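Here's a quick briefing for anyone meeting this structure for the first time. Have a look at the model, then read on.

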Amino acid sequence: MATFEKRRTKDGFKYRARVRVEGNLIRTATFSSKTLAREWAIKTENELRDQKHIPDLTAYNRTVGELFDEYETHLAECELRSARNIKFQLEEWRKFIEGVKLHSLTSAIITHALNQIAKIKYGGRTKSPATLNRYLAALSCALSYGVKSLGWIDINPVSRVEHKRENRGRVRYLSDIERERLLDAAKESRNKSLYTIIILAISTGARRMELLSLKWSDINLDTGWAVLEHTKNGEMRGVPITGPALGLMRNLYNNRKSDVWVFPNENNSGPCDIKRSWNTAVKRAGLSDFRFHDLRHTCASYLAMNGATPNEIAAVLGHKTLSMVRRYAHLSDAHKSSVVASMNAKIFGGKIKD
């Protein structure tokens, strides 16, 4: 038997549906209209009568916080590189939905909590739409674990939450003049590794931590190849080291201070920290709005301007899809024009007249 309750909220009215079939647990959900509430009630009654997706009483009373505890244990066991970020994001979610029963968690509750998270500032800045979508992704992973592995919840309510519309990714890359200024500043840095690190970043498109985590065992100087083990997505990938970068790496190896780390700290106990030296070099070079990650954009932009295809750029950068590479498409226009012009010249050879 289904019952409905009209409730006043800040945004108007909500309709709470309550369903119970004899011998089963009570199910509730809240909707923006009575029509949606009735549709859900009919569907839920049919599922309960057919004994589909009925959690036991213990699972039914589990909270979001309990699920997070189980999922974080799972993350630790899997040793995922992204586990630290996911755990931090789940801690933010805990502030607003930790005590919510899983069976009561709705898309409306999640959306409200996400809007609260959006108001939290770090360093005086609020989160971008892309960052908020990463928070939704972290919550979705935890809830999916609750559905598939624990059986504590029937469906993942994040699937019904509208994601934030993300701004088009920025493309900030070094002009020829800016590149020379930055490299000159890096040569003058007290950190003698900075120049080589920047050259590697530009020539390979590797991320900062991918480079700083390099060990000599990851590099084959004979073939000019490096294996990046500590990548953002947790999957190893190889990158070629050629030209000036390879010469610098061979020289660095011949004068190495550590047999383990390519860019060691002063104690040779781990990789070095380049934050201060990087900021100093950027300031000396007179660069505005430029981050270390933009060296990755610089590599991709140079590849595009030199005729690399989207698939080739994606392979170098380690992107699984082409969506992230499309931002560089306009930079290859000149190459496309020359390719088309070359094709037309070979086919028609000036034989067609107006």
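With five residues, α11 gives the most to the lining of the second largest pocket. This is a predicted model, where local features need pLDDT of at least 70, side-chain atom pairs count only at pLDDT 80 or more, and totals for chains, interfaces and linings use all residues. Residues are numbered from 1 along each chain as its sequence is written, and side-chain values use heavy atoms, leaving out hydrogens and water.

**The pocket**
- The second largest pocket holds about 830 Å³ of space; a volume here is the space filled by probe spheres set on grid points joined across faces, edges and corners.
- Its lining counts 30 residues, and the closest to the centre are R190, N191, K192, S193 and K257.
- α8 (194-204), α10 (243-254) and α11 (275-285) are the elements that give two or more residues to this lining.
- A pocket is an open set of points on a 1 Å grid over the protein atoms alone, where a 1.4 Å probe fits, with protein on both sides within 12 Å along at least five of seven lines; lining residues have an atom within 4 Å of a point.

**Two loop residues with positive phi**
- Most residues other than glycine have a negative phi.
- N268, in the loop between α10 and α11, has a positive phi near 60 degrees.
- D289 sits in the loop between α11 and α12 (294-305), and its phi is also positive, at about 50 degrees.
- N268 counts as partly exposed because its relative accessibility is 35%, while D289 counts as exposed at 55%.
- Buried means under 20% relative accessible area, exposed over 50%, and partly exposed in between (1.4 Å probe, protein chains only).

- β4, β5 and β6 form an open sheet of three strands in the order β4-β5-β6, with antiparallel pairing.
- The edge strands, β4 (219-220) and β6 (237-240), each pair on one side only.
- β4 pairs with β5 (residues 225-228) over two bridges, and I219 stands opposite A226 in β5.
- Strands pair if DSSP finds at least two bridges between them.

**The chain as a whole**
- There are 14 helices and six strands in the chain; these are DSSP runs numbered from the N terminus, with helices being H or I of at least four residues and strands E of at least two.
- Of the chain's 354 residues, 40% count as buried.
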